[in-house]
Amino acid sequence: MLGIALSAGGVLLPGKTASAEVFRYVDRDGKAHEVEVHDDAPAPPSAAAAEGQPASGGATAAAGATAGARAVVVVGATLDFPYAEHAREAARLYALPVELIAAVMKVESGFDPGAVSRAGAMGLMQLMRSTALDMRVVDPFDPRQNVLGGARHLRILVNAYGGDLVLALAAYHAGPGTVARYGGVPPYPETYRYITRVIALYHRYRDRGIPPAAPATRTVVL
C-alpha cells in the first residue's frame with residue numbers, strides 16, 4: 001500500500017468536530033491552517049480546473065511516499081460503495097490501494113458517473129478529453145472505463161514523481177505542466193484543499209472502511 005508521510009511543508013494532524021473531521025497542517029512559513037473534511041461535502045472542480053487561477057496562499061506540500069508493489073485492502077473495510085467492483089479491478093491492475101481510488105472518486109465526482117466539471121472533466125474520476133484518449137478510454141461516462149483510465153493515469157503520475165503521492169495528486173488535479181512550472185505543488189488553495197481532502201479520505205477509508213452510498217445520476221457540475 002502507498003505510504004503517506006507529509007514533511008514539514010504540510011503536516012496533517014487529525015482531529016474531530018461534531019459534524020466533520022478537522023485536519024491541521026503547518027505551511028513552510030510556519031502558519032497553521034485547518035481543513036474540515038465532511039463526508040457529504042460537494043466535490044470540487046477537478047482536473048485542470050485550477051489552471052489559470054491566480055497564485056495565492058503559498059501553501060506547499062512535499063511528501064515521501066513509497067509506491068506499493070501490490071494493492072492491499074484492510075480486513076473488515078466496507079467495500080459496498082458505488083462502482084466498487086471497478087475500483088477493486090483497478091486496484092489490482094495498477095497496484096493502488098482501493099481506498100485511494102475510492103477517495104479520488106469521492107472527491108472528484110461524489111461517485112457520479114455523469115459528472116462534468118466547468119473545465120470539461122468527465123465521469124467518476126473526472127478525466128479531461130485528452131487524458132481519456134491517452135488512457136484509451138473510449139467512453140468517459142462508462143464507469144468501468146473511467147475508473148480504469150483514472151487509476152492508470154494516477155499510477156503513471158505516482159511513478160513519474162518517484163512515489164510522491166502529494167505531487168501525483170497535485171498533477172492529477174492541476175496538471176503535470178503546472179507542477180513542473182512551480183517546481184512542486186502549485187500555490188493554488190483549491191489544489192491544496194484537493195490534496196488534503198483526498199489524503200484525509202484515503203486515511204479514513206483505510207482505517208474505518210468505505211461507507212456505502214447510492215450511485216448518482218448524470219449531472220453537470222456548475
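Which residues in α4 are buried? In α4 they are P143, N146, V147, L148, G149, G150, A151, H153, L154, R155, L157 and V158.

Before going on, a word on the model: it is predicted, so local features need pLDDT of at least 70 and side-chain atom pairs 80 or more, while totals for chains, interfaces and linings use all residues. Residues are numbered from 1 along each chain, and side-chain values use heavy atoms, without hydrogens or water.

Now step back to the whole chain. It has seven helices and three strands, in the order β-β-β-α-α-α-α-α-α-α from the N terminus. Helices (H or I, at least four residues) and strands (E, at least two) are DSSP runs. Of the 222 residues, 52% count as buried.

Let's return to α4, residues 143-160. Just after α4, G162 takes a positive phi of about 60 degrees.

How far can you trust the picture? pLDDT is the predictor's confidence in each residue, from 0 to 100. Its mean over the chain is 73; confidence is highest in α4, at 97, and lowest in strand β1 (residues 13-16), at a mean of 44. pLDDT also stays under 50 over residues 25-30 and over residues 215-222. Where pLDDT is low, the predicted coordinates should not be read in detail.

Conventions
Buried < 20%, exposed > 50% of the residue type's maximum accessible area, 1.4 Å probe, protein only. Expected span 1.5 Å × (residues − 1). Contact = heavy atoms within 4.5 Å.
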